Amino acid sequence: MHVAGRLDAIGVPYMLTGSMASSLQGEPRSTHDIDLVVDVESSRIDALVTEFGPPRFYLSKEAVAEAVRRRKMFNLLEIDTGDKADFWVIGTSPFDQS
C-alpha cells in the first residue's frame, strides 16, 4: 500500500500503531489493516485526498474533514487489493501529544 512514503511526501506526521506495531515489536498476530495515528491539519486535507486518490485508492474527503474536525478516525481503501488503513487523528491532550 506504501502509505508511509505518501504521508512523508505531503508532510503529514504519523506513527504506526495497532497490530502491525505490536507484531513488529513482539508477538506476531494476524491483522487485516494498518493502524496509524496521524497529525493532519485542515490545510493538508486536499493534499491527502489527492495523494490517495482514484483509481488506486478510495478516500472520502468528507470523512477526512469530519475526522480532522472531531479528532476521530477515517479509513483508506486500496481498491485492487482491498487493503485498508485506519487513520486515527491525534488528539490535543498532553497525553496524546506525548
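## Helix 1 and its packing

The buried residues of helix 1 pack against strand 1 (14-17), strand 2, helix 3 (45-51), strand 4 and strand 5. Contact here means heavy atoms within 4.5 Å. Helices (H or I, at least four residues) and strands (E, at least two) are DSSP runs, numbered from the N terminus. This is a predicted model: local features need pLDDT of at least 70, side-chain atom pairs count only at pLDDT 80 or more, and totals for chains, interfaces and linings use all residues. Residues are numbered from 1 along each chain as its sequence is written, and side-chain values use heavy atoms, with hydrogens and water left out.

Helix 1 spans residues 3-10, and its Val3, Leu7 and Ile10 are buried. Buried means under 20% relative accessible area, exposed over 50%, and partly exposed in between (1.4 Å probe, protein chains only). Down the helix axis, the buried residues of helix 1 fall within an arc of 70°, so they line one face. That arc is taken from the directions from the helix axis to the C-beta atoms. Asp8 and Ala9 are exposed, on the face of helix 1 turned away from its buried side. Just after helix 1 comes glycine 11, with a positive phi of about 75°.

## Aromatic pairs

The structure holds 3 aromatic pairs. In one of them, phenylalanine 52 and phenylalanine 57 have ring centres 5.2 Å apart and planes at 80°, so the pair is edge-to-face. Rings of Phe, Tyr and Trp (its six-membered ring) pair if their centres lie within 6.5 Å; planes under 30 degrees apart count as stacked, over 60 as edge-to-face and the rest as tilted. Both phenylalanine 52 and phenylalanine 57 are buried.

Phenylalanine 74 and phenylalanine 87 form a stacked pair, 4.9 Å centre to centre with 5° between the planes. This pair links distant parts of the chain: phenylalanine 74 sits in strand 4 (residues 73-78) and phenylalanine 87 in strand 5 (residues 84-89), 13 residues apart. Phenylalanine 74 is buried at 2% relative accessible area. Phenylalanine 87 is buried too, at 1% relative accessibility. Phe52, Phe57, Phe74 and Phe87 form one aromatic cluster.

Side chains of opposite charge can pair when their charged atoms come close. The structure holds 7 salt bridges. Each is a side-chain nitrogen of Lys or Arg within 4 Å of a carboxyl oxygen of Asp or Glu.

Which residue does aspartate 33 bridge to? The partner is lysine 84, with the closest N and O atoms 3.6 Å apart. The pair links distant parts of the chain: aspartate 33 is in strand 2 (residues 33-38) and lysine 84 in strand 5, 51 residues apart. Aspartate 33 is buried at 17% relative accessibility, whereas lysine 84 is partly exposed at 27%. Lysine 84 also meets aspartate 86 in a salt bridge (2.8 Å, N to O). Aspartate 86 is buried, at 6% relative accessibility. Shared partners join Asp33, Lys84 and Asp86 into one network of salt bridges.

Glutamate 66 and arginine 69 form a salt bridge through their side chains (2.9 Å, N to O). They lie 3 residues apart in helix 4 (residues 61-70), so about one helical turn separates them. Glutamate 66 is partly exposed at 33% relative accessibility. Arginine 69 is exposed at 60%.
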